[in-house]
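Subject: Handover of the model, with notes

Dear colleague,

I am passing on the structure we spoke about, together with notes on what was found in it. Please read the notes with the model open beside them.

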Amino acid sequence: MTRTTSAAASLLLLSGVSSTDAFTVTQPSANRVDSSILNNIKMAASTDATSTSAVSPYAAIPNPPPTKTASAVLFDVDGTLADSWRLGYDATAVVLQNNDLSHVEFNEAIYHETCVYATPERLARTAGLTPDAPNFEEVGADLGRQFDDHYVKLVSPKTCAFYPGMLDILEKLPRETKLGALTNACVEYGHAVLKANCPVRTALDNTYGLGFALYSRFDTIHGADSVPAPKPSPEGLLQCAREIGLENELGNIVYVGDAIGDGRAARAAGMVSVGVLW
């Protein structure tokens, strides 16, 4: 897997890597997202990128050719922007208990394994059903609605805090770079997390010289329930691209995520993919 030799760069965009990776992997530094990644997002080519002839089952589609400037940066939410897994885990446990499913085996490992699925499918699988069960979709939809109702109400700067340094990165991205978010949770959750973490500041606030609300910079925000299909389908990312007017510049859009499905979706959409490890 392609790595960078620079310890200072916690997040590097290596758009020239081969198709061996679902997305470029980024290594955290002392559990902090280093603001030096700004230069790497603005310059989407890296001298550390190397090629290999090995083929990975995770990505048949390579990253697009390098570009000098990212026109837009789209983010996954859970595990990428926000350290929120505990909220999701606890909310899942509550839903299982409320539906007399406390006997179902459920632990942190199972939770993380099933997080690759959108909420309805994740809950149906957690409840012990398999996709071939006749009531799989019905049970998943019902449990998913209960989960979303409970989950979104609990969003706060404490339960879904941005990773240290992430807010600084978002605030310092060039004003002309468009921002967006796509989560496999519900769209209401995506909005709630961004609102909880993005301060509203004025030009009189000297800690934020640009004088605009960071949340308002997100021109497109979507969840699995507001797009044609959840990740790893590229449909959500393509919808985001259309909404920000960059459907003809997909190679100049960066999608940052933490799961293989994020990388697959980005590659399938023709976007540059970046993966994080924090």
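This is a predicted model: local features need pLDDT of at least 70, side-chain atom pairs count only at pLDDT 80 or more; totals for chains, interfaces and linings use all residues.

Residues are numbered from 1 along each chain as its sequence is written, and side-chain values use heavy atoms, with hydrogens and water left out.

The chain as a whole

The chain has 9 helices and 6 strands, where helices (H or I, at least four residues) and strands (E, at least two) are DSSP runs numbered from the N terminus. Of its 278 residues, 50% count as buried, a term that stands for under 20% relative accessible area, with exposed meaning over 50% and partly exposed the range in between (1.4 Å probe, protein chains only). Among the contacts with a separation of 6 or more, 75% are between residues 24 or more positions apart, a contact being heavy atoms within 4.5 Å.

In helix H8 (residues 235-243), the buried residues are Gly236, Leu237, Gln239, Cys240 and Ala241. After H8 comes glycine 245, with a positive phi near 75°.

In H9 itself, Asp262, Gly263, Ala265, Ala266, Arg267 and Ala269 are buried, and the buried residues of this helix pack against H8, E5 and strand E6 (272-276).

Aromatic side chains

The structure holds 7 aromatic pairs, counted where rings of Phe, Tyr and Trp (its six-membered ring) have centres within 6.5 Å, with planes under 30 degrees apart taken as stacked, over 60 as edge-to-face and the rest as tilted. One of these pairs is formed by phenylalanine 106 and tyrosine 111, which is edge-to-face because the ring centres are 6.5 Å apart and the planes stand at 90°. Both partners are buried, phenylalanine 106 with a relative accessible area of 17% and tyrosine 111 with one of 5%. The rings of tyrosine 151 and tyrosine 189, by comparison, have centres 4.3 Å apart and planes at 15°, so this pair is stacked. Because tyrosine 151 lies in helix H5 and tyrosine 189 in helix H7 (residues 187-197), the pair ties together parts that are 38 residues apart in sequence. Tyrosine 151 counts as buried at 2% relative accessibility, and tyrosine 189 does so at 0%. Ring pairs also link Trp85, Tyr89, Phe106 and Tyr111 into a cluster.

Arginine 122 lies over the face of phenylalanine 147, at 4.7 Å from the ring centre, and arginine 125 over that of tyrosine 117, at 4.1 Å.

A loop proline

Proline 164 is found in the loop between helix H5 (136-153) and helix H6 (166-172), where it is partly exposed, with a relative accessible area of 43%. Its C-alpha atom is separated by 9.4 Å from that of aspartate 83, a residue 81 positions away along the chain.

Pockets

Grid points are joined across faces, edges and corners, and a volume is the space filled by probe spheres set on the points.

The largest pocket holds about 610 Å³ of space. It is lined by 29 residues, of which Asp78, Cys115, Val116, Asp258 and Ala259 are the closest to its centre. Helix H3 (108-114), helix H4 (119-126), H5 and H9 each give two or more residues to this lining, and the largest share, 3 residues, comes from H9.

The second largest pocket holds about 160 Å³, and of its 13 lining residues the closest to the centre are Thr119, Pro120, Asp148, Ala224 and Asp225. H4 and H5 each supply at least two residues of that lining, with H5 giving the largest share, 4 residues.

With best wishes

Terms used
A charge sits over a ring if NZ of Lys or CZ of Arg is within 6 Å of the ring centre and within 35 degrees of the ring normal. On a 1 Å grid over the protein atoms alone, a cavity is a set of points where a 1.4 Å probe fits but cannot get out, and a pocket is an open set with protein on both sides within 12 Å along at least five of seven lines; lining residues have an atom within 4 Å of a point.
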